[in-house]
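I opened the notebook to record what I looked up about the ligand site and the pockets.

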Amino acid sequence: MLRFLTGGESHGPSLTAIADGLPSNLAVDASEINRHLRRRQGGYGRGGRQQIETDTVEILSGVRYGRTMGGPVTLLVRNRDWENWHERMSVMPVENPAPPITQPRPGHADFPGMLKYSTDDLRPILERSSARNTTALVALGALCRPLLSAVGIQIVSHVVTIGGIHARFEGRQNYLDLAERAETSPVRCADPAAEEKMIAAIDVCMQEETRDTLGGVFEVAVLGCPPGLGSFVQWDRKLDSRLAAALMSIQAIKGVELGMGFEVGSIPGSRVHDELFFAEAEGFSRGTNNAGGIEGGMTNGEPIVVRAAMKPLSTLPTPLASVDMQTRTAVKAHFERSDVCAVPAAATIGEAMAALVLADAVLEKFGGDSLEETVRNAQGYLHAIKEKGWQPQTQ
Ligand code: EPS
């Protein structure tokens, strides 16, 4: 229902995004999109590039007087760093092209990309595969949020692990509360004791003699979903498969799990599945949410809880062994600059990807050419399932 594409290179003039399929009359607030772009730029352990950029959206189509008109919405974020790259990233041929970069970074797109796209220069591969492109995705995710909130859906995140240091929480969590605490943490972590250790671990990796990068795990929670978004009838209509694909598409993500995740493989069924209860006053309820809010590829009314594991960034300040693609001799991998840790930023990108998947699922379920029509249809459905005893949960 909702289609979107991004374009742009890390050091090209700009990043562009087009979203097609949004209903009309949806509020579009550039300052709100910019707020999400700022969240993406933040986090302890980010690199020098974030000092150069102040990502700011320009809205080029699809919006009039602050509301969508129903046509494609085009967003643009300029790269300030482009100023320093006019020659090296020139669209037109130049007299003195930059020398090729020939030492692929293990873990990055460089090696397979150079073979696939037939180039001895990793610049064209690096430019598009860079996580800089997530700027465009975060802008798109922010564009979808008012549609989600119109039907009561909110998306939040927090960091649960950095460099093997785990945040610890007792009992069932209130995700809004966790996210509120995470929002003020430099590592987006709601556990202050873990936060301190995560910062210390990043500090070690920033020091000259121990320079390195760190990965981690973040958690995204989608709150307020009615039961029945997504479907079990085909693999590509399952909401969990769509969420997993969207999160896995973020640079450096190597694993995605929902609810209890990989642990379900080690525990008997009687301790995995979330028992169902009913009381006249509260409607249906569950004692646990090990399913992570999705059963049979559909939302079940509980919070969707999805985690993604990010590998340490592969642009290493102390480069690993590589091979020069022209001479085929042993060399050290290419290094320009990098972040030490981008897990807090990745959490905000995870929110954006979840927002895009959920917006698509909402439009698929409720349709609507205008926001009013989408909301009306959603209310009709909510009324129908309330007749069946369902009541919204406090999340
Ligand atoms: C990023 C911008 C990039 C990198 C980073 C993410 O900018 P530059 O290459 O100019 O330093 O800092 O990209 C990667 C980590 C990567 O591996 O590609 C950003 O804006 O998020």
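Entry 1: I looked up where the ligand sits, and it is in the largest pocket. A pocket is, on a 1 Å grid over the protein atoms alone, an open set of points where a 1.4 Å probe fits, with protein on both sides within 12 Å along at least five of seven lines; lining residues have an atom within 4 Å of a point. A molecule sits in a pocket if more than half of its atoms lie within 2 Å of its grid points.

**Entry 2: basis.** I note that this is a predicted model, in which local features need pLDDT of at least 70 and side-chain atom pairs count only at pLDDT 80 or more, while totals for chains, interfaces and linings use all residues. Residues are numbered from 1 along each chain as its sequence is written, and side-chain values use heavy atoms, with hydrogens and water left out.

**Entry 3: the shell.** I found 14 residues around the ligand, the closest being His11, Arg40, Arg49, His108 and Arg337; a residue is near if one of its heavy atoms lies within 4 Å. By class, this shell holds 2 nonpolar, 6 polar and 6 charged residues. Here Ala, Val, Leu, Ile, Met, Phe, Trp, Tyr, Cys and Pro count as nonpolar, Asp, Glu, Lys and Arg as charged, and the others, Gly among them, as polar.

**Entry 4: polar contacts.** I looked up pairs of N or O atoms within 3.5 Å. Between ligand oxygen and side chain, the distance is 2.8 Å for Arg40, 3.0 Å for Gln50 and 3.4 Å for Ser130. Taken alone the ligand exposes 470 Å², of which the protein buries 92% (Shrake-Rupley method, 1.4 Å probe).

**Entry 5: the largest pocket.** I recorded a volume of about 930 Å³, that is, the space filled by probe spheres set on the points. Of its 42 lining residues, His108, Ser130, Ala131, Arg132 and Thr315 lie nearest the centre. Helix 9 gives the largest share of the lining, 3 residues. The lining divides into 14 nonpolar, 16 polar and 12 charged residues.

**Entry 6: the second largest pocket.** I recorded a volume of about 770 Å³. Its lining has 26 residues, with Gly171, Gln173, Tyr175, Glu219 and Arg307 closest to the centre. Strand 7 supplies the largest share, 3 residues. I noted 7 nonpolar, 11 polar and 8 charged residues in this lining. Helices (H or I, at least four residues) and strands (E, at least two) are DSSP runs, numbered from the N terminus.

Terms used. A polar contact is a pair of N or O atoms within 3.5 Å; within protein, one must be able to donate a hydrogen and the other to accept it, and residues adjacent in sequence count only if both atoms are side-chain atoms.
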